[in-house]
Structures are given as structure tokens and as C-alpha cells.
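Please look through the sequence and the model below. Some questions and answers follow.

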2 protein chains.
Amino acid sequence: MTVSGSVLAGLSEAVIDEFTAIVGPAHVLVGEDLTAPFQTDWTRRWSGPCGAVLRPADRDQVSRILRACHARGLSVVPQGGNTGLVGGSVPRAGGSDIVLSLTRLDHLGEVDRTAGQVDAGAGVTLARLQAAAAIAGYGAGMDLGARDSATVGGLAACNAGGLRTVRDGTARQRITGIEAVLADGSVIRRMSGLVKDTAGYDLPGLLIGSEGTLGVITEVRWRLVPERPARATALVRLDSVTEAESVAAALRDALPSLELLELMTEAGIALTLEHLGASAPLPVTAAWLLVECAARTSPADELIDALEALDLAERTVMAPGATGRRQMLRIRESHTDAVSRAGTPHKFDVGIPIGRLASFVEAATATSRRIAPGSQFIVWGHLGDGNLHVNVLGAPPDEERLDAAMLALTAAHDGTISAEHGIGVHKPAYLSLVRSDADRAAMAAIKAALDPGGILNPGVIFGTAA
Amino acid sequence: MTVSGSVLAGLSEAVIDEFTAIVGPAHVLVGEDLTAPFQTDWTRRWSGPCGAVLRPADRDQVSRILRACHARGLSVVPQGGNTGLVGGSVPRAGGSDIVLSLTRLDHLGEVDRTAGQVDAGAGVTLARLQAAAAIAGYGAGMDLGARDSATVGGLAACNAGGLRTVRDGTARQRITGIEAVLADGSVIRRMSGLVKDTAGYDLPGLLIGSEGTLGVITEVRWRLVPERPARATALVRLDSVTEAESVAAALRDALPSLELLELMTEAGIALTLEHLGASAPLPVTAAWLLVECAARTSPADELIDALEALDLAERTVMAPGATGRRQMLRIRESHTDAVSRAGTPHKFDVGIPIGRLASFVEAATATSRRIAPGSQFIVWGHLGDGNLHVNVLGAPPDEERLDAAMLALTAAHDGTISAEHGIGVHKPAYLSLVRSDADRAAMAAIKAALDPGGILNPGVIFGTAA
């Protein structure tokens, strides 16, 4: 550990000593021990120096750290797997931020089979939670690409979604209990796992999705879902996003076993198949719907019945076995990589009310062509919950008019500028598009009430002016 | 309209004039026009005089009223169908409270079939919402005994549950959008119905369950559920609550179509059958489980398979048709009436972690016998979500040691003192049993941040000291 005033950029030796007394010298990283993973996020777009990385071992250490930071007015950036996409978990002030890495809080309890729930420390990765659930005959009820790094604390803080929310919801629906440390070091703990509890305000629900600005989540109680080993998977060829939208609504109402309802479109499929070096097993069409049902026993008949009732059987390819299923999912999951390989996209994570998706896609395509002529517009996403991932390739990276126009268009469609990635430090300037003055004033009042010193993740959600 | 100083108990003519200008003379009730339904709640236990009842027609009138009350420091008690059980919607100060009746905000939108959602004003009753949903081929995903009077605004404010939460959740899971007026008259509106939206704090989720202390909910967007016309209903005879608890967990994991999982016990069944004048079609046993599955096509085979796998087929009575089904449900639903007829019970609406229910019931039985010898202990409830309705008959109504001991026992089992009825003015004194100092301090800070004058439903949740 190298400690020197210049390296510490504002943190005095006394402060470092105080932290060292709390977490031990091996878990205070400063100077040369500070490595990029703590200071740069998943996108590599957000990066900044910090004063120190602290790696507490437990809730009490987190509490003592926050009490010290609260007393000294030091900013704290809570960090889990650091897989966020909006710069919400990396330092940004002039090098004095404390990064609070929660990965050592990785205690995973035994699965409580009677309740169908499990306690997990903030640092437990989603993949580990999934594996523990599977051994006990359950599923986690959540999956996303960053599963090996993303931690349950981060999933909670950002109200993560992913591919399967159409059935099992976002983190807010999966989490029945939370332990969190507030800015002043006080601890809130509601870990009984009650799914019905009206004794006062829903603080767990408020902390979920608050992106580390109201408290540091140290443990959660996660509600598992019954195992659903039998799956039926299909790709349905559709003539337009409009048709995909109405078919999606019909399938949602018809299929209780529906678990995946993903939209892919022409440009994205073409780029992805090229990226995968796969010979296209699919005719090119305007829109594909990837549908998966999951149950204890095969839901294939149910899915086929629903598709026949919609007169779509002739336009459907079904996966006959596990290999075919993996291929279908791979095409959808490889979209992000394919786009990244092809250039530096402008990325938007929007949510649009179901019923207005097709109209949004049409307008967004025209908007991107107008502002960035020659650019390529690629959209895919979770049709079941209205969450579209919009990518524009070939526009200059610093073309802010594109960002502004696309998010304004989202707002004009009554949508949200962030369906599942959060606001972070990327989108505070656009928050007023979707949250009124009264709404933002209420949020700021809550922030000030719970973190009067403004030490928790400053800049996130509210921007630097908050 | 009779206006006089003595009747108005503190409200000046100038104030009444101001309200009259907002809502019109027909909708300011004072003096002799004030009738009991506005001042007394469903239980008849909570009652108090108020200064005036105001019946606004729309959101803007609500906003103007609150702005006036905020400026003058007048307390406001929001009221929907007034079917609460904890005194949260009736006046209690010395006659100066304003009762804000929301029943005229009864606009019900057309069902949006693409989204599977509908907009409903705060004053729309649950029964009306259910009927509109049914016509469009949907269900409301919620049902409870007070359906004809309870309004969606009240269901939201109290995070109502009911019989079918094991599948469709409480109000918080059903509501995708909220419009609310805050204490200063400012309006928060998020009505796009997005099921994934991470742009800032979850204010709708915070308002839901806040019992009118943070804002007045004026409209909600309600997420419907697909129609499930085919039902399979069974009564399963079990030897103990312990056995019922483990069978309930197994059925929850095995039956995706499970919609009802209700516990009844010996004393309650006997009292109810006597009340109904029904000759018992059922042998007396320690515990009965009422199970119902619902789907598009008959889920009977699925239910029978699950019961056979648990070796319970011989102990099960199934309803062969609609009449039998109604009889089974009637026994469960008549428990409340049967108990009320038999005396004035001490009632507890507790939530206990699944896995500790049987242990709680055993200890609670012993506790009630110890404190009130000769009393009768009757329990039933929603086993799927751990919500038990505990009734003690034959104890003196003012025996507060019983209340204190029962709620302390609940807390000792990691339970909640209110699963679905709320805290109201009935239980603030007991809130510290289940919410730590830090938790209550955080709630109070949020309350002070959003309602600095403390005008919204004073006394509720926090008690008179707040």
C-alpha cells in the first residue's frame, strides 16, 4: 500500500488510517493498488480516479465507513459487479470519491424451501444465486447477460430486469427483504421475506432502483420461482413491428407459461448472423418474435395451440431440441456484440407503452436518418414489457442532437428514457423529459431527507446540480 | 347547508367560502349535512367529528383544496369507500379535520386490450373495475369482501391484498401508474403504464401503502390479468397447521395455476357452519386447506395430479360444479361474519414468514388462553402469502394486554403486525415492534420531506406524536 498526499488527491492520512482501522490494511486500496476495474465501468465510457477503494467484509463495516464519510462529508460510490451502463458505479469527482466495493459481502444462505426464498449478501453474483437455486429445485426468476459479474446488490440498486421479466418481473418483484445502511450509518433491516406487509412505507421498494443514492444495500432476501425444466421455443416471422406488437399482446394473454417475448428486426438479424458467421436459417423479414414458454411438463402443445389460433403456424420455426433452442437464443443474445463489433453505437434503453411501440419505431427510424444521414437504425428488445434497445450505428459519437431527439421522441410517446439501465450520470440532463418538476422536487426532497449531506453517489439521477 | 361557528368547530366562514368556490356548494358538507358514513369507519370502532366533508370532482379541485389546506395548516383525511379496518380514513382531531371524499373521481377508461390495462379514477369501486375487466375478457387480479364499496384509490393507498394475492399480488403489483396530489397541491403523474421504468425513485410504489399520509391518489392505471374462466376447487383435510403449511408450500411450487390457498381451522369451521345453519358436509379436523386453480381450460387434472403426488387425494373433497364451488368459498368467506355474530373479537391481521406459521399459531393459542382464560382462539387466512387473520372471542374488549402480547409474539416470529389492513390510528403504538428506530426515522424523514406541514392524515402510521 502506497500512501502519499499527491496520489490520494484529497484524502488525508488520518482518513486513510480511520478506514484501515475499520476494514484492515488489505482492503484499503490506494495509489498503485487502485486498478482500472474499480474506476472504469462496463462500457469503458465512464471512468474517473478515486481517493480509495474500500472493501468491507460485512454490514457493520459498511455502517462504520458511512458514519465516517457522513461526518467528514466524503462522497461514496457504492459498487457491485460494476456492470452498469450509465456510469452510476464509478467515481467522477476530482479524485476524492470513496469507492465502496461490496463484493466481499458474499454470504449466500441455504435455500428456504418452505418459503421458496434465499438470503444473499450484496456481493453474491447472479450466476451463483442461479446455481444455488437450481440445486434446490428452483430458478432465480431473473437472467441477463452480465450474470457472472453482476451482484444482487447491484441488481437491487438498479432494479434490474433482463430477458425474462414478462413472467417474473424486475428485481423489485423478486426481492422480499432488504438490509441497507443509510448515509448516516444507521441500518434498516427487513428480512423476514413477507410478501404482504403494510406496516409503514415501502422502504425496500424505494431503495430498489435508487441507484445507490439513498442507501447502500448490504443483503437481500430473494424470492425464487419453481423449476420449469420443460421449454418450448419458437421464432415467429412477422411482416411489421405493428404486427409483432399485436401478436405479442395476444400471446401474453393466451400463454400463462410465457417467459420470453423478444423482438428482433431485419437490420439486427442480418448484422448478427454476419457476426456469428452463421448461414441464415431464416428468411429475411421485417420482424421476428422469439417466444419461449417454460413449465414443469412440456408447454409445446400450449404454444402451438396459441400460434395456430393466431393463424401463425405456417410462419413459425420451432426448436426441436436443446441445440435448436440455444441457436435461437444465441441470435437474440448476440445482437449487442454484433452491434459493438460494427462500430460505436448510440444506445438507448427506452420503455414505450405497449400499443405505441410500432409508431415509436417508425418515428425513431426517421429521426435517426434525418439527424445522422447514412446511419443504420437497429432495434430489438423485450416486447412483453415494452422495453426496446435502440442502437444507431454510423452517427458521430458526439452527436448529442441524436440523443436529445431520440429521448424527446420517447417522451412524446409517453415512454421512459430508462427502462432498465437507470439514469446514472449519463441521463440526468434528460430526466425532465419524463419526470415533471413536481416529481423531481419530490425525489429531491426524499434524497435530502435520507442523505442530507449528499454523500451517496452524488451526481447520479440528479446530476451535478443536485 | 347550515353554517355556524359552533357546528364548524374551528373552520371559519372564510375557509368554507374558499372551499365552496372550489367544489361548489352542493359538495361542501357541514353541520347537519354531515352524515355518519363520512365520520365512522367500517368497524364502527373509529369515529370522530369533522369540520367539513369536501367532495371534489377532479384532480384539479383536489389540488386547489390541498393548496388551501397547506397554506392554512388544516388537516386533511382522504377517504375512499371508507372500508378500512384501522381507523385510517375517519376524522379524529377535535372536529377541525377536512374529510376529502374522493368518490366523485369515478371516471373509468376503456380497457386498453393491447396493454391489458385500464385507467381508473380514485373513486371507482373494485366491483366496477372487475365488471369492466370481465366485459373486455380480463380479470382485475384482485378480489376482497368489500368489493362493492372499496375504491381503487383506497386499495392503492392501503396496498390492499385479499384472497387471491398468491397469484396476482397486492395493489402494488397491479398498479402500473399513479396520479397523486402532494400536500402542497403539486401533482405527480406517471400514467403510461410501463412495467419497466427506472428513471428515478419509485414514487408510485412509495405512495401505495402510505395510507394517505404522503399524497392523495387521484387516478391509477391498473394492470389486468387474462380471463381464467375454468376453475378447479378443492378442500383438503389436514391433521395440523404444521401439515397445512408444508402442503401449501408444495402446492405453491407445483401449481402455476394456483389462485387461492386458504387456511381454515377447527374452531372457525364449526362456528361458521353453525352461523350458516349448514349441516356440516365436512368431518371436523384440525385444519382445512381451500385450494383453487384457475386457467383458460380446466386445471382440474393439474390439481388432482398435484394432490395425488402429495398422497392427499383420499383426504380431498373437490367441487364438482359451480354450486359446490360457491359452497366451499362461502364457508371461508363467512368466517368474518360468523365471528362478528358470536361476539366482539380482538382481531389481528398478521403476516408470518412461511415456515413459522404453525409455530406462531401454537404459541398464539397458548398466549390468548393465558391472558384471557375461557376465550376462544380462531384463526384463518391466506396461507399462500403468510397472512393470518387471528380472532380472539370472549376476551374483554379493553384487554390491551392481549393486543400487546399477540403483536409482540408476531414480532418474535419475524412477522408483521399488519399484513394487509395497514397501521391507521389503531397500531402506531405497536409499530416499533416491527420497525426499528432507524426504519421509523427514515419514514418520518420522508413524511416531513413530502408533507412538511403534516396536514395529510395526521396520526396515521406515526401516531399523534409524529
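**Strands and salt bridges**

Q: Which residue in the turn of the hairpin formed by β16(A) and β17(A) has a positive phi?
A: This is a predicted model. In it, β16(A) and β17(A) make a hairpin, with four residues between them. The turn residue with a positive phi, of about 75°, is A:Gly386.

Q: How many bridges join β16 to β17 in chain A?
A: Strand β16 covers residues 376-382 of chain A and runs antiparallel to β17(A). One facing residue in this part of the model is A:Gly381, which stands opposite A:Leu388 in β17(A). The number of bridges joining β16 to β17(A) is seven.

Q: Which residue in β17(A) does A:Asp349 stand opposite?
A: Strand β15, residues 346-351 of chain A, is antiparallel to β17(A), and six bridges join the two. The residue of β17(A) opposite A:Asp349 is A:His389.

Q: Is strand β17 of chain A largely enclosed by the rest of the structure or largely open, and how many of its residues are buried?
A: A residue is buried when its relative accessible area is under 20%. Strand β17(A) is largely enclosed by the rest of the structure, because the buried residues number seven of the seven.

Q: Are A:Arg252 and A:Asp253 buried or exposed, and how far apart are the N and O of their salt bridge?
A: A:Arg252 counts as buried because its relative accessibility is 19%. A:Asp253 also counts as buried, at 15%. Their side chains meet in a salt bridge with an N to O distance of 3.1 Å.

Q: How many residues apart are B:Arg221 and B:Asp112?
A: B:Arg221 forms a salt bridge with B:Asp112, with the closest N and O atoms 3.1 Å apart. This pair links distant parts of the chain: B:Arg221 is in strand β9 of chain B, while B:Asp112 is in the loop between β4 and β5, and they are 109 residues apart.

Q: What is the relative accessible area of B:Glu259, and is this residue buried or exposed?
A: B:Glu259 forms a salt bridge with B:Arg231, the closest N and O atoms being 3.3 Å apart. The pair links distant parts of the chain, B:Arg231 in β11 and B:Glu259 in β12 of chain B. B:Arg231 is partly exposed, at 31%. B:Glu259 is buried, and its relative accessible area is 4%.

Methods
Residues are numbered from 1 along each chain as its sequence is written. Chains are lettered from A and ligands numbered from 1 in the order in which they are written. This is a predicted model: local features need pLDDT of at least 70, side-chain atom pairs count only at pLDDT 80 or more; totals for chains, interfaces and linings use all residues. Side-chain values use heavy atoms; hydrogens and water are left out. Buried means under 20% relative accessible area, exposed over 50%, partly exposed in between (1.4 Å probe, protein chains only). Two strands pair if DSSP finds at least two bridges between them. A salt bridge is a side-chain nitrogen of Lys or Arg within 4 Å of a carboxyl oxygen of Asp or Glu.
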